[in-house]
Amino acid sequence: MFFFITLYFTSLIFPFACAHVAAWHKGMYCRNGTTPGFDDQNTNTIANPLFNLKRDDWWFHAVDHCDEFPPADGDFLELPANGDFTVELAVNRAFTTLSYDGVNTGVFLDGQNYTDGLGGVDCISALNIHTQNQSMAAGSAFAISYQSELSAVTPENLVVFTTLYHTPWERLATYAVPNLPACPPGGCICAWGWVPNGCGEPNIYMQGFRCNVTGQPGETALAPAVPPTWCEDSPADCTTGARQMIYWNQAEGNNIDVEGNDSRGFPKSPAYNSVLGFEEGAQHDIFLTKSDSKGLPNNAQAARTPPHWSAGLLSFLVLAALRPVMF
Ligand SMILES: *[C@@H]1O[C@H](CO)[C@@H](O)[C@H](O)[C@H]1NC(C)=O
Ligand SMILES: *[C@@H]1O[C@H](CO)[C@@H](O)[C@H](O)[C@H]1NC(C)=O
Ligand SMILES: *[C@@H]1O[C@H](CO)[C@@H](O)[C@H](O)[C@H]1NC(C)=O
Ligand SMILES: *[C@@H]1O[C@H](CO)[C@@H](O)[C@H](O)[C@H]1NC(C)=O
Ligand SMILES: *[C@@H]1O[C@H](CO)[C@@H](O)[C@H](O)[C@H]1NC(C)=O
């Protein structure tokens, strides 16, 4: 309730509507908003969070038709193989270089510089970035699908290929690219994702881009993606290799469920960081290996195929069986 009141007053005080956070770049879907033929420089539609929605609504932000507004022809998010790329994280397009010649941009996501510092021990209320401070910021990620049409993208062919810990925090965000192979002639589809850690509604963010691998692409295709799992205090429970984006707290289509508290005593919140075993930066373990040609992506894949609970049960049984020997 307090949150909505804050939002209400914020919108009275500031001329720009603030939702939450999106990654802005000319290759994005929904850059001009969702009014056909109108270039809305003050749009925040794509920055709205996704919570408790049906699969057809949260997938690529279809709830407000953002998935129906692709970038202009020729506008791609370029991913230099083994290099990096930069996007602007902001609560509204108004605070990026895509609007008003960039005059409203600042160091942070709302056009401000916060020269006296931002954040502390309590949740930040000056802008909706769901964190207490930079070190608590949950992390964000990009995923890629080697499909040129958004309609052909599935959770299994959309692979997380880079993460950036402790974001969203500042506007400029630079992500590292692994040795990605070239895209098909029509380019690839990418997605930005963020799952905040507390400080408000436990929602998720997912938005689409047209993207293309440039530079000197690799040769090896990506493996099919499997869901990530919570493994903060038990690395053996991590899924490894090509992993799906985090689909959580929706009415349908979730690929992860958590309960209880994390190691800091906060309610567990899946994130693009080490709690799910995501390394920081380029993900180097997402490629097909030789044995994959037989059908199963790789040994790790075979080991991680059982549902989480049964894998947990299995390791418990193994441990229980070993116990008398070990102690
Ligand atoms: C968005 O608006 C700009 C400026 O009017 C235009 O150049 C661009 O083509 C538009 N993008 C789309 C996808 O319509
Ligand atoms: C933020 O800093 C930049 C660069 O010094 C400056 O141009 C801009 O006016 C500042 N913005 C605000 C809101 O103080
Ligand atoms: C960040 O926030 C967490 C959670 O409130 C707190 O434990 C930590 O001390 C804070 N760090 C800084 C540098 O303020
Ligand atoms: C993608 O990048 C490659 C390498 O620069 C280029 O040859 C290709 O035309 C690009 N694809 C699209 C759809 O722009
Ligand atoms: C999680 O932590 C809260 C306090 O922050 C506590 O009230 C709750 O009992 C804890 N839950 C579990 C499952 O440990």
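## Surroundings of ligand 1

The side chain of Asn 32 places an N or O atom 2.3 Å from an oxygen atom of ligand 1. This distance, like every other value in this report, belongs to a predicted model. A second polar approach to the ligand involves Asp 39, where a polar side-chain atom lies 3.4 Å from an oxygen atom of ligand 1. The residues that surround ligand 1 are Asn 32, Asp 39, Pro 70, Pro 71 and Ala 72.

Sorted by class, this shell comprises three nonpolar residues, one polar residue and one charged residue. How much of ligand 1 does the protein bury? Considered alone, ligand 1 exposes 360 Å², and the protein buries 46% of that area.

## Surroundings of ligand 5

Ligand 5 has Gly 260, Asn 261 and Gly 265 around it. In the side chain of Asn 261, an N or O atom is found 2.2 Å from an oxygen atom of ligand 5. Taken alone, ligand 5 exposes 360 Å², of which the protein buries 23%.

## Overall composition

The protein contains four helices and nine strands. Along the sequence, these elements follow the pattern α-β-α-β-β-β-β-β-β-β-β-α-α. Of the 327 residues in the protein, 48% are buried.

Three strands, in the order 1-3-6, form an open sheet with antiparallel pairing. Which strands lie at the edges? The edge strands are strand 1, residues 22–24, and strand 6, residues 172–176, each of which pairs on one side only. From one strand to the next, the twist averages 45°.

Strands of a sheet pair through backbone hydrogen bonds, in either a parallel or an antiparallel manner. Here, strand 1 is joined by three bridges to strand 3, which spans residues 84–90, and the two run antiparallel. Within this pairing, Ala 23 stands opposite Leu 89 of strand 3.

## Strand 5 and its partners

Strand 5, covering residues 159–164, is mostly covered, with six of its six residues buried. Five bridges connect strand 5 to strand 4, residues 140–145, in an antiparallel arrangement. In this pairing, Ala 143 stands opposite Val 160 of strand 5.

Strand 5 is also joined to strand 9, residues 281–282, by two bridges, and these strands likewise run antiparallel. Which residue of strand 9 stands opposite Thr 163? The residue opposite Thr 163 is Gly 281.

Gln 244 is located in the loop between strand 8, residues 205–214, and strand 9.

Terms used: Residues numbered from 1 in each chain as written. Chains lettered and ligands numbered in written order. Predicted model: local features only at pLDDT ≥ 70, side-chain atom pairs only at ≥ 80, totals over all residues. Heavy atoms only, no water. Near = heavy atom within 4 Å. Polar contact = N/O pair within 3.5 Å; in protein donor to acceptor, adjacent residues only side chain to side chain. Areas by Shrake-Rupley, 256 points an atom, 1.4 Å probe, with all protein chains shown as cover. Nonpolar A, V, L, I, M, F, W, Y, C, P; charged D, E, K, R; others polar. Pairing = 2+ DSSP bridges. Axes fitted to C-alpha atoms, helices over the stretch in contact; angles between N-to-C directions. Buried < 20%, exposed > 50% of the residue type's maximum accessible area, 1.4 Å probe, protein only.
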